[in-house]
Amino acid sequence: SLMLAVNVLSSAITAAIVGSYLFVYTPLKKITSFASVVGAISGALPPVAGWAAAAGGLQEQAWLLFLILFFWQMPHNLAIAWLYRNDYARAGVRVLPVVCPDGRSTGYHCAFNCLALLVVSLIPPLTGFAGAFHLFSALMLGAGFLVCGIGFSVSRSKQAAGRLLLASYIYLPILLGVMVVDRIAL
């Protein structure tokens with residue numbers, strides 16, 4: 001077991017991930033669009049568990065990784081939900097684009113979370129967790145992601161949702177890769 005092989009903290013966080021995903025997020029999908037927030041929490045916790053396993057505790061950097069992944073997941077998942085809202089509706093899954101079909105709320109949440117992600121992604125250099133390369137990269141990537149989020153919020157078109165989704169696929173691996181490279185260089 002993880003508890004015996006690594007430590008109690010990483011085991012407890014992993015149990016929280018599995019428990020929240022299976023017993024909270026999954027049943028909530030048929031009840032409320034708030035399930036997406038619960039799912040984003042479950043999806044953002046794995047690096048926290050990894051941090052706890054590697055460091056034996058939780059420092060502020062683990063929570064910064066959590067926040068980056070949390071705020072990234074919201075526009076990413078909402079763009080997918082917008083593109084496939086009819087499929088979600090037929091399946092009875094109450095994602096935000098199904099609950100609020102005009103898309104205003106979905107657009108607002110995409111733009112807000114892109115902005116929150118931009119702000120949070122600028123914190124690592126301020127805490128010494130990353131350097132100037134990360135700061136510049138996070139600013140450029142975050143600004144591009146935010147432009148796509150605002151673009152979707154304004155037009156609420158399938159094309160804008162596709163651009164937002166593509167931007168999400170570009171944003172996260174580059175930002176995390178830059179964070180690793182920048183951290184090694186410090």
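Predicted model: local features only at pLDDT ≥ 70, side-chain atom pairs only at ≥ 80, totals over all residues.
Helix H5 covers residues 60-83, 24 residues in total. From its first C-alpha to its last, H5 reaches 35 Å, close to the 34 Å expected at 1.5 Å a residue. Helix H5 is mostly covered, with 20 of its 24 residues buried.

The count of aromatic pairs in the model comes to eight. One of the pairs joins Trp-82 and Phe-152; the ring centres are 5.5 Å apart and the planes meet at 75°, so the arrangement is edge-to-face. Trp-82 belongs to helix H5 and Phe-152 to helix H10 (residues 132-155), so this pair ties together parts that are 70 residues apart in sequence. Trp-82 counts as buried because its relative accessibility is 3%, and Phe-152 is likewise buried, at 1%. A charged residue also contacts this site: Arg-85 lies over the face of Trp-82, at 3.8 Å from the ring centre.

Tyr-108 and Phe-112 form a stacked aromatic pair, with 6.1 Å from centre to centre and 20° between the planes. Both residues lie in helix H8 (residues 104-121), four residues apart, about one turn of the helix. An α-helix has 3.6 residues a turn, so residues three or four places apart point the same way. Phe-112 is partly exposed, at 42% relative accessibility. Elsewhere, Trp-63, Phe-66, Phe-70 and Phe-71 form one aromatic cluster.

Val-18 is found in helix H2 (residues 8-28) and is partly exposed, with a relative accessible area of 43%.

Terms used: Residues numbered from 1 in each chain as written. Heavy atoms only, no water. Helix = DSSP H or I, 4+ residues; strand = E, 2+ residues; numbered from the N terminus. Buried < 20%, exposed > 50% of the residue type's maximum accessible area, 1.4 Å probe, protein only. Expected span 1.5 Å × (residues − 1). Phe/Tyr/Trp six-rings, centres within 6.5 Å; stacked < 30°, edge-to-face > 60°. Lys NZ or Arg CZ within 6 Å of the ring centre and 35° of its normal.
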